[in-house]
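Biologist: I have just opened this structure and would like to learn how to read it. Could you take me through it, feature by feature?

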Amino acid sequence: MRFRVLEGGRGPDLLWLHSFHDRDAWPPVLERLAARFTVHAPFHPGVRGSEGVEHLDDVVDLALAYDELLGALELAAAPLVGHAFGGMMAAELAALCPHRATGLVLISPLGMWMDDKPQADLVTLPPRDLARVLWKDPESEVARRWATLPESEAENVAAQIEQIQRLSAMGKFVWPIPDKGLGRRAHRVSAPTLLLWGEEDTANPVVYAERFAAAIPRATVERRPGGHMLHLEAPDAVAESIARFLTPAPGGAGR
Amino acid sequence: MKICYFHLMPYRFLPGNFENDFRSVWVDVPDSLQDRGKVAGLYHEFLDELEHAERMGFDGLCVNEHHQNAYGLMPSPNLMAAALSRRTSRAALVVLGNSLALYNPPVRVAEEFAMLDLLSNGRLVAGFPVGTSMDTNFAYGVNPATLRERYHEAHDLVMQAWTRPDMFSFNGKYTQLRYVNLWPRPLQRPHPPVWIPGGGSLETWEWTAQRDYVYCYLSYYGYKRGKATMDGFWQTIETLGADDNPFRAGFLQLVCVSETDAQAERDYFEHVHYFYQRCLHVWEGFAEAPGYRTLKTLQAGVRPQVGDLGRKIRQSLDWRKYVDEGYVIAGSPATVREQLTDCIRTLRVGHLMVLLQIGSMPRELAMKNTELFGKEVLPHLRDLWPGYEDRWWPQGAVDPAANGPGAAATAAKAGPAPVAGPRGTAR
């Protein structure tokens with residue numbers, strides 16, 4: 001196993017886990033967080049320089065690999081933050097190794113499933129269909145910029161192959177339905193947990209927030225205007241919510 | 001030269017507006033489009049056509065496996081082969097095949113193929129496809145990231161189950177069996193010949209060649225476009241230092257024979273068009289799950305035959321393009337003979353598979369195509385590749401080359417023989 005980790009900022013440590021459709025490895029929301037935290041953002045195994053996905057069979061293997069990564073980064077414990085698949089893995093890590101998480105922020109996480117409320121097939125949807133479920137407004141500037149691939153043939157092909165690899169590497173742990181037992185393990189999470197959800201999230205409907213809140217002992221739900229890609233649609237608000245949740249109020253009892 | 005009759009068993013009654021009004025022929029094709037009474041009739045129609053092909057002198061009858069689709073109504077090709085085993089007596093039963101990664105435990109495949117080999121008196125060819133992404137990843141939910149590893153492990157288990165003399169344990173990553181002890185075992189020893197159908201993945205060439213199996217390229221886009229793939233296979237054979245026996249290779253070609261070239265267009269165009277426009281109408285989102293292709297194959301530029309790219313190729317097709325670009329070899333017997341000879345020589349294939357019931361083609365027309373091919377084309381291809389031994393032909397099927405010229409024709413005239421003991425007992 002070999003992880004590639006992007007790091008930046010100052011302040012207490014924070015682990016950020018990406019999801020399927022993060023083309024920008026250091027998006028504005030991480031820049032905002034870096035003003036308050038030392039952000040560690042690893043690439044998932046099999047994505048852009050992180051290696052060894054072929055040695056991992058399931059989410060437990062992957063969560064334990066993250067446990068080892070925290071050890072290698074000399075972080076005994078840290079707040080764990082992740083979006084969608086990254087949220088699912090943050091929750092798995094916090095459930096399997098509760099002592100690693102001082103706080104948990106899950107932005108529209110995967111990991112639960114209801115047959116009558118299916119999530120969008122985020123690993124396989126073609127670009128146009130994907131844009132419709134990822135964004136509150138697929139025509140917004142951030143959505144359009146995200147959807148634009150390089151124009152030159154060589155760069156375009158490279159970008160498409162990178163995308164297939166990225167989806168394949170993460171898709172391995174959620175195929176064909178992203179419920180791999182988190183519901184059975186979620187009661188083990190001891191960290192205070194914030195569930196951040198876009199009210200207009202059509203990819204992973206907000207009804208799942210209640211399911212997570214019921215399964216994780218110390219969870220609160222915060223809904224905000226936005227879609228599934230809330231962290232890219234509203235980076236200021238998301239960074240602010242995360243910072244507020246993870247930073248005890250002066251003189252307050254904390255959570 | 002061996003010529004096999006391939007049947008896809010397509011649903012013939014998709015509505016005229018299908019490709020515009022519905023998203024996909026595979027995975028989520030709506031139930032409202034299937035007339036169950038018609039499907040019941042189709043099975044008998046298609047089996048009649050396959051049985052007719054044996055009477056017309058074809059060496060093998062090919063069936064294959066697909067799921068949740070109107071392109072081919074055969075979730076279980078083994079059932080079709082079982083039906084054929086009782087009503088044919090001479091032709092090889094080429095099951096192309098069972099997608100190994102879909103069976104749990106995979107010894108089920110070893111068992112059913114053993115039964116088919118016994119039922120048919122040793123006429124079985126065992127085909128092991130990886131399976132399309134639509135079938136394996138979407139319809140059957142197999143993880144694309146581990147599909148090929150699972151397939152390879154299942155293959156090893158099946159081959160051991162057929163060949164190891166005593167009961168054994170198998171501690172695989174995907175299958176753990178404490179007791180493997182196949183009853184019954186195949187009639188052919190050490191096992192039925194193995195053919196591997198491929199869609200152009202690079203690593204399949206090497207894997208197939210190393211195990212001395214037959215590589216079959218199943219392309220919808222004809223022999224002109226198939227050349228690059230077959231060249232890649234033969235290049236791999238050369239690199240590995242194996243001989244260039246053409247019977248190492250198989251190729252599927254769509255063929256339409258009529259009285260004249262002009263009559264072929266009148267007879268067959270709408271059915272060929274139905275095949276390309278409706279049977280291959282697979283939604284882009286189901287064409288290829290991320291991880292289905294290896295990085296190596298992606299980097300070599302291999303893309304799926306269906307989905308967005310396939311649609312772009314197919315959209316502009318008229319009869320001239322179907323024929324000129326070699327998607328379909330069509331015309332008078334003389335035209336078809338000439339082009340097929342070119343196809344066989346160019347690709348260096350010893351096992352030609354022809355698709356003669358195409359798309360919406362009704363029974364009478366499929367019978368006509370089969371009969372004209374059998375009488376006017378097939379005998380002229382028979383003597384290609386003299387001097388090469390077909391080591392990949394089932395021991396119980398008639399081998400026209402081994403029995404001297406005309407053996408197949410004699411057997412065909414005699415009609416279906418009563419079920420006899422195993423023939424070709426060289427084992």
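Biologist: Let me begin with one residue. Is Trp385(B) buried, exposed or partly exposed, and why?

Modeller: This is a predicted model, and we can count neighbours in it. A residue is called buried when 20 or more other C-beta atoms lie within 10 Å of its own. Trp385(B) has 19 C-beta neighbours inside 10 Å, so it counts as partly exposed. Trp385(B) sits in the loop between α15 (363–381) and α16 (407–414) of chain B. Its phi is near 60°, a positive value in a residue other than glycine.

Biologist: Which residue of chain A has a positive phi without being glycine?

Modeller: Arg48(A) is one, with phi near 40°. Look for Arg48(A) in the loop between β3 (38–42) and α2 (59–72) of chain A. Arg48(A) is partly exposed too, because 14 other C-beta atoms lie within 10 Å.

Biologist: What does Tyr174(B) contact, beyond its neighbours within four places in sequence?

Modeller: Tyr174(B) is in contact with Arg150(B) and Glu153(B). The loop that holds Tyr174(B) runs between β5 (168–171) and β6 (176–180) of chain B. Ala154(B) is 20 residues away along the chain, yet its C-alpha atom is separated from that of Tyr174(B) by 8.3 Å. With 18 other C-beta atoms within 10 Å, Tyr174(B) is partly exposed.

Biologist: Now the interior. Where do nonpolar residues gather?

Modeller: In soluble globular proteins, nonpolar side chains tend to be buried together. Here the largest nonpolar core has 125 residues, and Leu61(B), Leu93(B) and Phe251(B) have the most contacts inside it. Apart from it lies another core of 78 residues, including Leu167(A) and Leu246(A). As for Phe251(B), residues it touches include Tyr217(B), Met230(B), Leu347(B) and Met353(B).

Biologist: And how should I read a sheet?

Modeller: Strands of a sheet pair through backbone hydrogen bonds, either parallel or antiparallel. In chain A, 7 strands form an open sheet with mixed pairing, in the order β1-β3-β2-β4-β5-β6-β7. Its edge strands are β1 (5–9) and β7 (219–224), each pairing on one side only. On average, neighbouring strands are turned by 20° against each other, direction ignored.

Biologist: Which peptide bonds are worth a look?

Modeller: One joins Trp175(A) and Pro176(A), with omega about -10°. Pro176(A) is in the loop between α6 (153–171) and α7 (182–185) of chain A. The other runs from Arg189(B) to Pro190(B), with omega near 0°, and Pro190(B) is in the loop between β6 and β7 (194–198) of chain B.

Biologist: How many residues does each chain bring to the contact?

Modeller: Chain B gives 12 residues and chain A gives 14 residues. On the side of chain B, α10 (284–287) and α11 (295–299) each supply at least two residues.

Biologist: Where should I be careful?

Modeller: Where pLDDT is low, the predicted coordinates should not be read in detail. Residues 404–427 of chain B stay under 50. Chain B has a mean pLDDT of 92, with 93% of its residues at 70 or more. The model scores ipTM 0.92 and pTM 0.92.

How values were computed: Residues are numbered from 1 along each chain as its sequence is written. Chains are lettered from A and ligands numbered from 1 in the order in which they are written. This is a predicted model: local features need pLDDT of at least 70, side-chain atom pairs count only at pLDDT 80 or more; totals for chains, interfaces and linings use all residues. pLDDT is the predictor's confidence in each residue, from 0 to 100. Two residues are in contact if their C-beta atoms, placed from the backbone, lie within 7 Å. A nonpolar core is a set of buried Ala, Val, Leu, Ile, Met, Phe, Trp, Tyr and Cys residues joined through C-beta atoms within 7 Å. A residue is buried if 20 or more other C-beta atoms lie within 10 Å of its own, exposed if 12 or fewer, and partly exposed in between; C-beta atoms are placed from the backbone. Helices (H or I, at least four residues) and strands (E, at least two) are DSSP runs, numbered from the N terminus. Two strands pair if DSSP finds at least two bridges between them. Axes are lines fitted to C-alpha atoms, for helices over the stretch in contact, and angles run from 0 to 180 degrees between N-to-C directions.
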